[in-house]
Amino acid sequence: MTKLKNDTLLRALLKQPTEYTPVWMMRQAGRYLPEYNKTRARAGDFLSLCKNPDFATEVTMQPLERYSLDAAILFSDILTIPDAMGLGLYFAEGEGPKFERPLREEKEIRSLTAPDPALHLKYVMDAVSQIRKTLDNQVPLIGFSGSPFTLACYMIEGRGGTDFRQIKTMLYKRPDLLRHILDITAQSVTNYLNAQIESGAQAVMIFDTWGGVLSHSAYQEFSLRYMKQILTGLKREHDGERIPSVVFTKGGGLWLESIAESGCDALGLDWTINIAEARNRVGHKVALQGNLDPAILFSTPEVITTEVEKILKDYGSGSGHVFNLGHGISQFTPPESALTLINAVHSLSKKYHS
Ligand code: CP3
């Protein structure tokens with residue numbers, strides 16, 4: 001039996017009955033919160049926040065102090081794995097993530113090894129245990145990782161915001177090299193998520209932010225296949241509790257049926273798909289998480305409330321829905337908009353659960 005005071009999120013992910021629809025927001029700790037910007041200034045920069053468990057705990061807790069969220073998500077980044085592989089992660093001010101040593105040469109690719117989470121990513125495991133202590137079983141803690149394909153995009157391109165020319169060239173010209181990178185990365189992600197579970201993560205999510213740039217068959221072979229490999233190797237239980245898993249492929253609306261067969265418990269949806277259609281297609285198999293367009297948070301409280309109601313109505317009655325944004329919250333979001341969203345989900349969703 002869970003000791004959690006609020007386990008609504010875990011029940012919804014497992015399609016068990018709940019009293020209302022639980023809600024959390026992707027990137028819920030971040031630059032739209034003035035208190036985050038203060039802590040970040042104290043830490044010096046973003047990576048120092050991630051690498052110091054005290055700071056990581058502090059910023060993880062910030063959105064929970066403001067809003068009645070149904071989950072906490074570990075404050076970290078998907079790029080901790082390639083950083084631990086020695087690629088030299090850094091964030092140039094205003095330009096997003098970059099790597100000093102992107103993967104281009106066959107020799108470098110062949111010498112890539114999976115990091116030991118207990119050693120090279122100990123700061124993440126320390127943050128997970130410290131956050132669990134601080135949460136004191138109020139709500140569950142979500143752990144996460146990037147998908148192998150999404151991590152490979154950054155590892156090969158060396159930065160975000162590209163046209164994916166380098167990785168797609170490798171995919172079509174040297175698929176053996178890309179497969180090697182994806183194999184090592186899938187092994188790394190499996191070890192990393194299992195270590196997070198052992199340190200106290202109560203659900204896990206795989207962010208496949210860039211899977212949607214692939215062709216139909218390349219998606220199956222170069223993204224989904226490796227996520228399946230991870231799901232096969234994942235611990236499904238810890239301390240007698242089920243650990244639900246969520247797969248989120250941004251732009252994956254065309255492939256919901258195959259993602260639902262991957263062995264995950266829930267699918268993350270971006271805002272381009274109607275959640276009623278998604279439920280018709282895969283709702284008998286998996287729970288659904290999503291899918292408000294984060295740009296709606298730039299509108300008025302009335303519009304936010306109407307759009308929340310539409311998604312709740314489209315999903316309809318019964319459990320298996322976790323309310324979320326269709327992608328991360330923008331740094332320009334007014335914090336009051338998040339409050340409107342969360343309160344609207346809680347009050348309007350009760351009638352869909354009897
Ligand atoms: O949801 C949460 O609150 C947990 C924290 C979290 C961060 N990154 C913090 C962060 C999570 C789950 C991530 C995942 C992540 N990181 C993804 C997958 C999800 C997605 O958004 O698609 C990706 C692609 C990354 C890589 C990454 N990290 C990028 C592209 C950037 C720059 C983004 C930007 O808005 O400038 C980051 C930096 C980052 N990760 C920030 C935060 C709060 C902003 C850092 C800052 O304070 O400057």
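**Pockets, ligand site and cavities in a predicted model**

**View 1. The second largest pocket and the helix α8.** Of the elements around the second largest pocket, α8 gives the largest share of the lining, with three residues. The model shown here, as in every view that follows, is a predicted one. Alongside α8 (122-135), the elements α11 (175-199) and β7 (241-242) each supply at least two residues of this lining. The second largest pocket holds about 330 Å³ of space, and of the 20 residues that line it, Lys3, Arg132, Gln202, Asp239 and Glu241 are the closest to its centre. Sorted by class, its lining comprises eight charged, seven polar and five nonpolar residues.

**View 2. The largest pocket, which is the space taken by the ligand.** This pocket contains about 1,300 Å³ of space, and its lining is made up of 40 residues, of which Arg27, Arg31, Phe46, Asp77 and Phe91 are the closest to the centre. Two or more lining residues come from each of the helices α2 (34-43), α3 (46-51) and α9 (148-157), and likewise from the strands β2 (89-92) and β3 (96-99). The lining of the largest pocket divides into 19 nonpolar, 14 polar and seven charged residues.

**View 3. The largest cavity.** The count of cavities of 30 Å³ or more comes to two, and the largest of them has a volume of about 50 Å³. Its lining is formed by Thr249, Gly252, Gly253, Leu256, Gly268, Leu269, Asp270, Thr272 and Ile273, a group that divides into five polar, three nonpolar and one charged residue.

**View 4. The second largest cavity.** About 30 Å³ of space lies in the second largest cavity, which is lined by Thr21, Leu312, Tyr315, Gly316, Gly318, His321, Tyr352 and His353. Its lining has five polar and three nonpolar residues, with no charged residues.

Notes: Residues are numbered from 1 along each chain as its sequence is written. This is a predicted model: local features need pLDDT of at least 70, side-chain atom pairs count only at pLDDT 80 or more; totals for chains, interfaces and linings use all residues. Side-chain values use heavy atoms; hydrogens and water are left out. On a 1 Å grid over the protein atoms alone, a cavity is a set of points where a 1.4 Å probe fits but cannot get out, and a pocket is an open set with protein on both sides within 12 Å along at least five of seven lines; lining residues have an atom within 4 Å of a point. Grid points are joined across faces, edges and corners, and a volume is the space filled by probe spheres set on the points. Ala, Val, Leu, Ile, Met, Phe, Trp, Tyr, Cys and Pro count as nonpolar, Asp, Glu, Lys and Arg as charged, and the others, Gly among them, as polar. A molecule sits in a cavity or pocket if more than half of its atoms lie within 2 Å of its grid points. Helices (H or I, at least four residues) and strands (E, at least two) are DSSP runs, numbered from the N terminus.
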